[in-house]
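Here are a few friendly notes to read alongside the model.

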Amino acid sequence: MSRRSLLAVGLAATALLAGCSDTPTASQTFPALPTASTSATQLRVVTVAREQFEHPQSATTYSQGVDEAWCADFVSWVMKTAGTPLRNPNSGGWRIPGVYTLQDYFTKAGRFHRGGSAYRPAIGDVVMYDAPNRWGNHTNLVVSTSGDSFTTVGGNQPGGITVTTQNVTDAGILGYGSLPRS
C-alpha cells in the first residue's frame, strides 16, 4: 500500500473513531431563535449552546477533566449550565459521557422519541445518532427547526463546536431526548 493510501486510511479511521465521519451540511452561523414560541427552558439551553459556539472552551471543560470523545459531555454540560441537568443512570452525576447512556436516561425518563417515528424534534432536544449515520455514534442539541429539517450545535464535531442542519429522514438517527415539560 502506498504512503498516500496509508495516510487516507489513517485519517478516515481517526475520523470514524472520533464519531466525526462525513458531516451533514455545516454552517458557522448560529441560527436566530424564534422567541415567540420558545419556552424559558428552551431559551436557556440555546443561549448556553450559543455562548459555547461563540466562545468554546477546552474539551476537558465539558468532561470534568477526562480526555475522551466529548460530544455527550458537551450536551450534558450545556444542559447542566442551562439549569436542566441530566442524571447519569449509572453514577447519579450530571455528566452522561455516552450516547447509549443518554438513550437509557431519556427512555427511563419517558422522554425518548425513536428516530423515524412521527415525532419531530423541538428546540432543546438532544439528538442521538449511530451507524449508518454520517456522525457514527454521536449526539448534539437542536437549536432550530423548520418542517422536517433541524439545526444542531454539538461538540467533538469536525471543527470543534459547530452548527449543522439535518433532516428527520437522515439515516442513523437513534432518536431524540426531549426537555422536561414545564
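**Notes on packing and rings**

1. Phe74 is buried, with a relative accessible area of 0%; buried means under 20% relative accessible area, exposed over 50% and partly exposed in between, with a 1.4 Å probe and protein chains only. This is a predicted model, in which local features need pLDDT of at least 70 and side-chain atom pairs count only at pLDDT 80 or more, while totals for chains, interfaces and linings use all residues. Residues are numbered from 1 along each chain as its sequence is written, and side-chain values use heavy atoms, leaving out hydrogens and water.

2. Trp70 and Phe74 form an edge-to-face aromatic pair, 6.4 Å centre to centre with 75 degrees between the planes. Rings of Phe, Tyr and Trp (its six-membered ring) pair if their centres lie within 6.5 Å; planes under 30 degrees apart count as stacked, over 60 as edge-to-face and the rest as tilted. Trp70 counts as buried too, at 11% relative accessibility. Ring pairs link Trp70 and Phe74 with Tyr62 and Trp77 into a cluster.

3. Phe150 and Tyr176 are another pair: their ring centres are 5.9 Å apart and their planes at 85 degrees, so the pair is edge-to-face. Phe150 counts as buried at 0% relative accessibility, and Tyr176 at 1%.

4. Val153 touches Phe74 as well, along with residues including Phe30, Ala49, Phe53 and Ile161; contact means heavy atoms within 4.5 Å.

5. Finally, the charged end of Lys80 sits over the ring of Trp94, 4.8 Å from its centre. The criterion is NZ of Lys or CZ of Arg within 6 Å of the ring centre and within 35 degrees of the ring normal.

Conventions. Lists of a residue's contacts leave out its neighbours within four places in sequence.
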